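Please open the model in a viewer and keep the selection tool at hand. The stops below are meant to be followed in order.

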Amino acid sequence: MTGSLGKRAERVALGGFCLTLIGMFIMWYVAYYCNSISARAELFHLLAATLVWGISTLHLRAQRQAEDEKAALDEAERLRIEQGKPRLFDREEGETGIAQVRLKDMERWGGPIATIIIIVLQLFAGGYLLYALANLDNAPGIAALIGITPFAELSNTTFAGAAAFALAFFCFALGKYAAGMSRDKQVGILRAGAGYTISCALICFIQMIAYAMAYTGWLTGEKILSWLIPIILLAMGLEMAINLVLDFYRPRIRGKEPRPIYDSRLTGLLAEPQGLFKTFAHTMDYQLGFKVSETWFFQFLNHAIAPLILFQLLSLYLLTCILVVQPGEVAVIELWGRPRGIETLPPAPLLSDSAAERAAKEAAWDNLQPPLEPGLHLKWPWPIEITRRVPCELVQEIFVGAPQAEGQDEPLKHESATPDVVSWDRVHTKDEFAYIMPLTREIKTEVENNGAAETPDVMFVSGAIAVHYSAGGSAADSQNPKRRIGDIYRYLYRFDDAKAAMISLSEREVTNYMAGANFWNVLVDKVKETEKDLTRRIQQAADRAGIGVRVVFVSLSNVHPPVGEVGKAFQEVVSAREKMFTIIHQANAQAAQIRASWPGKAQTMINEAIGYRDERVLLSEAESKRFLNQLTAFNAAPNVYLHRERMRAIEEGMESALRLTVVPPDTVAFFDAKAQDTAGVVGEALGKEFKNP
Amino acid sequence: METKRNSFWTFLVAFILMSIFVVYLFAYQVPAGKVGVLIRLGDIKTPIDETPGLKFRLPWPFDEVRLLDMRTRLFSTKLQECLTKDKRNLNFKITAGWRIVDPNTFINRLKTVEEAEKSLVSRVDSARGRAVGEVELHDLINEDFNLQQEKFAAFEDKIKETLNLELKQADWGVTIDFLTVQQIGFPQPTTNDVFKRMIAERSEESKKIISEGESEGESIVSKAEAEKRSQLALADAKARIIRGEGDAAAAKHYTIFRQNPELANYLRSIQTLRKVMTERTTLLLTTKQTPFDLLEQDAVPEVKINPGQ
């Protein structure tokens, strides 16, 4: 290496170091002044570039000094040999000077240590930024450590864009110059910084485009870039780490200059003047030790890849000329921000306007050019013409009475909420608002009677009230097509946040309605009527404000008394009602049992009486008839008849009875064998002792 | 050849990029609903072009463009405590929709949207405080729905009118499109008291319902008991009548017995004796009694021959 080339390379490396350092400060200023997240990420990228330039400067300096030292030593040796002088000190084979030792130390220790620092920086910065962005909502504190806040509108985008462009320009110029110089193998070390600087230039240029997009209110570029830069940092860190490991296994070919270990192959693709593909092929040659770049496949790809990619990119860009409006939506095309076919939007009515003025202004909105209906349409490519879609058939849902999480279609759940059960005694929705309602008449009377009138005459209801609406309104439902056209433009251009306006107006209507409504009507008795009333009122409020929506439905299904102890008290009333019914049912069962018992008893009594009566009637008649016959018999032989009757009775009685005959003076007893105690009984009756036979 | 081709593409790409940058420096886009205010070396260029579309300017630092959103935007006050005319503490949250109507005045007087909202919030707070002092609690919360609606709207109108008058006097270049009382609440201690009363009222209702159930249950049972007693008495009465009818019918036949009452009674006694002497009756008889007198010695009776003679 000639001294002048080495010094020039050193100056270039130092220039790169200074440029990236200044770039870092500029990016830091853009990050805070313009509130740009991508600028914060790029700051780390530039820091890594600064480190690469720093180590390159030191490496070049050490290399130049080693070369100078070697040249000086060689010259002294040549002079000594010419003059035939002996050596002052014995010099052994392979012995080198101090600068050369320093260069070797630099290559052995300085390069790897610097590489490790750069790798750690890139991996840490990339990982940290990605983690912070992914947890922007959950853990904003992590992101806030480096000033990252949720994506908001950028300020001073003109300055940011100009700064990014300037940085891109200078980085590109220096990078290209350094890359050109690095073609000389003596200063090939420059390639590392050159590649890194060109990658910075590229990102700064994309940043400029993102700021231009943000200038027109489109933050997509900024958002994509905020994610892309940390990914690039991670990829470069990983690639350098892999290079560090692979370098141990690389075939060492004599005479082949080793690449600095901190020289990224990825950024090298940008720095190599021969083109990306050739650079890639040379990298492969270097790593594998044979000429991969001379294979036919590489040759083919080298010629075809650039036109193919360009064609692909152009095709993608031209696709922005085709607009497909999906079913259920309409679209308004804006040419440089102005709705197509509309010179300027009509003014919105003022509060001070009379009814006629208001009507005239609203009519002007209704008479605007109809938007594009579903189908295929052509337009100028982005950014000349952009499309604003309105999903007019889509029913959107908002909640009032409870905060709604951003991007979610349900209220924020409380930490203690059970997933499938919504109960009044447990908190299920976060920060539910308690709407004030007047005391119902009957409770008011009770309160007055109890003398507890110090507490305001109010009650509370809570709950997330769902409001369904569609932007502009469905074509099928619309009675007035012109009004629908006006509503679509109102929805797009009258409010900066139509959804927030809907939430606010709906909440007002609910607050106002509840403040005069009957508690039981809202909760139980007239829910449907209340829902209809609220739907009508919110629609009227939206019309007055000019939001341009059709309110479809308001649901009170989630309205309830305040959760917790109050809700529990309401549940206890339901339990009490159930208890009451249980008691009544039990009483009814007992009564049924009682009722079932008397008809049989009563009927038995009557039946017995009937039997008695019939018996009396029949028997008395029969007896009287029999008596007449007996009388005849008696008259025929009075004594015989009486004796015979008497004897028959004794016979009949004796047949089944225990027979006993007492014969005085001696007693002879005849006992029935079955009647064991008959003798006792008889003896007791007669005052004598008998024995059973 | 290849170098020439590469140079062409490089030049083309560079030209396109430079063109984009030049357009970016010299042009700006004003979307519908916004107004681009051109500030040339610190002075607002008037008249302000309020139409949307592509506009041109000198590059920074000569021209600076400030895009002002002319659409209605919302701001809300905090839920702030106020005292009503009847000395009740109430919390109010007011939300208003406002927009810029005069960009020139707006930039001169308020500079930014954030500044404007800060100023508007303090104005609304002040107007609300005055309006709240003129209403009573039952004007805003009342079971007479129509009256309440009327007073509530009047309350909002009062704040709105005061605010608009002040804005007109202040000349900020903004107007209020709508103003709503978004939330009304009580301070926490009052809210807790209301909760307690709601709990007590519900508890009272629970007890009342259970008592009603018990009372109704007792009534149902006692009613059934009474019904049973009366029905059985009714049946008893009916049975007695029927028995009487039987007795009456039997009595008719008793006249026959008058022909020989002694015989009738004797036969009845015999009948009773038969009935009485059912199974396992113990009979105490002496040999004096017929037919056991046959067992006595010399008990051969004197039997008349030809008793009929």
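A salt bridge is taken here as a side-chain nitrogen of Lys or Arg within 4 Å of a carboxyl oxygen of Asp or Glu. With that in mind, select Glu82(A) and Arg78(A), whose side chains form a salt bridge at 2.6 Å, N to O. The two residues lie four apart in helix H2 (residues 37-83) of chain A and are therefore separated by about one helical turn. Helices (H or I, at least four residues) and strands (E, at least two) are DSSP runs, numbered from the N terminus. Over all chains, the structure holds 43 salt bridges.

This is a predicted model, in which local features need pLDDT of at least 70 and side-chain atom pairs count only at pLDDT 80 or more, while totals for chains, interfaces and linings use all residues. Residues are numbered from 1 along each chain as its sequence is written, chains are lettered from A and ligands numbered from 1 in the order in which they are written, and side-chain values use heavy atoms, with hydrogens and water left out.

**The interface**

Next, display chain A and chain B together. Contact (heavy atoms within 4.5 Å) involves 124 residues of chain B and 137 residues of chain A. The two chains bury about 11,800 Å² between them, 67% of it on carbon and sulfur atoms; buried area is the accessible area (1.4 Å probe) that two parts lose on being put together, summed over both.

How many salt bridges does the rule find across the interface of chain B and chain A? There are six. To view a salt bridge between the chains, select Arg73(B) and Asp496(A), whose side chains meet at 3.8 Å, N to O. On the side of chain B that touches chain A, helix H6 (residues 188-253) of chain B gives the most, with 41 residues. That side of chain B divides into 59 nonpolar, 32 polar and 33 charged residues. Here Ala, Val, Leu, Ile, Met, Phe, Trp, Tyr, Cys and Pro count as nonpolar, Asp, Glu, Lys and Arg as charged, and the others, Gly among them, as polar.

**Two helix pairs**

Now select helix H17 (residues 565-636) of chain A with H6(B); their axes come within 8 Å and cross at roughly 0°. Axes are lines fitted to C-alpha atoms, for helices over the stretch in contact, and angles run from 0 to 180 degrees between N-to-C directions. H17(A) and H6(B) are therefore roughly parallel to each other. Angles under 35 degrees count as roughly parallel, over 145 as roughly antiparallel, 65 to 115 as roughly perpendicular and the rest as oblique.

Move to helix H14 (residues 498-514) of chain A and helix H5 (residues 145-170) of chain B, which pack at about 135° with axes 9 Å apart. This pair is therefore oblique. Arg508(A), Asn512(A) and Tyr513(A) of H14(A) meet Phe145(B), Gln148(B), Gln149(B), Phe152(B) and Glu156(B) of H5(B).

**Backbone details**

Select Trp382(A) and Pro383(A), joined by a cis peptide bond with omega of about 5°. Pro383(A) sits in the loop between strand E4 (375-378) and strand E5 (385-390) of chain A. In chain B, a cis peptide bond joins Thr46(B) and Pro47(B), with omega of about -10°.

Finish at Trp336(A), a residue other than glycine with a positive phi, near 50°.
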